[in-house]
Amino acid sequence: MTPVVRFSALARVLHWLMAAMILGMLFVGVFMAATEGPAYATLVALHRPMGIAILLLAGVRLANRLLVPPPPLPAGMPLVQKIAAIGSHIILYALMFAMPLVGWGMLSAGAYPVVLWGPVRLPPILPHDPVLFAALRHLHSWLAFTLFGVIVVHLGAALLHGLILRDGVFPAMASWRRGRRDIA
């Protein structure tokens, strides 16, 4: 049996760390929409800095992906599946950048501060504009629904490759055992 070529260790760490953070952010966002009072303020105080952390990690992740290309898809994979795999990753990366940037822009347009920790605040990236705030809030919600849907499809594809096809795609990202070869 030939060893499975894996994503780099940094790519795997970033993938799983960001997967946990993004899922956490989606759940925090849902709870924020259904919460009032002091609990809402606590969720907001968690949501904003995590969004910026995801934005920064997405930048690191994209740089790593460009510098250390991912392992090739299986040679026998149908062209439609290869296009779907590449397309879904492009959409995931676009959403990892778009969600926090739209959120930051939304808060800027609403004249709300983006407090990271204590006195550390980000500058506004858009002018105060209530109409723009409302539009960006709506867009932020739709991007969240889209991200959730793409994650469900991504998870389904991962399970398909890991449990049914067993073609090396899943262990390329999920395996930490020895006997497999990391790229670069």
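Phe133 is buried, with a relative accessibility of 17%, where buried means under 20% relative accessible area, exposed over 50% and partly exposed in between (1.4 Å probe, protein chains only). The model is a predicted one, in which local features need pLDDT of at least 70 and side-chain atom pairs count only at pLDDT 80 or more, while totals for chains, interfaces and linings use all residues. Residues are numbered from 1 along each chain as its sequence is written, and side-chain values use heavy atoms, without hydrogens and water.

Over the whole structure, two aromatic pairs are found; rings of Phe, Tyr and Trp (its six-membered ring) pair if their centres lie within 6.5 Å, and planes under 30 degrees apart count as stacked, over 60 as edge-to-face and the rest as tilted. Phe133 belongs to a tilted pair with Tyr112, at 5.7 Å centre to centre and 50 degrees between the planes. Because Tyr112 lies in the loop between H3 and strand E2 (114-117) and Phe133 in helix H4, this pair ties together parts that are 21 residues apart in sequence. Helices (H or I, at least four residues) and strands (E, at least two) are DSSP runs, numbered from the N terminus. Tyr112 is partly exposed, at 42% relative accessible area.

The other pair joins Trp142 and Phe145 in an edge-to-face arrangement, with 5.5 Å centre to centre and 70 degrees between the planes. Both residues lie in helix H4, three residues apart, so about one helical turn separates them. Trp142 is partly exposed at 48% relative accessibility, and Phe145 is exposed at 57%.

A pocket is, on a 1 Å grid over the protein atoms alone, an open set of points where a 1.4 Å probe fits, with protein on both sides within 12 Å along at least five of seven lines; lining residues have an atom within 4 Å of a point. The largest pocket has a volume of about 1,300 Å³, a volume being the space filled by probe spheres set on the points, which are joined across faces, edges and corners. Of its 50 lining residues, His15, His89, His154, Ala158 and Val169 are the closest to the centre. H4 gives the most to this lining, with 10 residues.

The second largest pocket has a volume of about 1,000 Å³. Its lining comprises 34 residues, of which Gly29, Met32, His47, Met106 and His140 are the closest to the centre. Here H1 gives the most, with nine residues.
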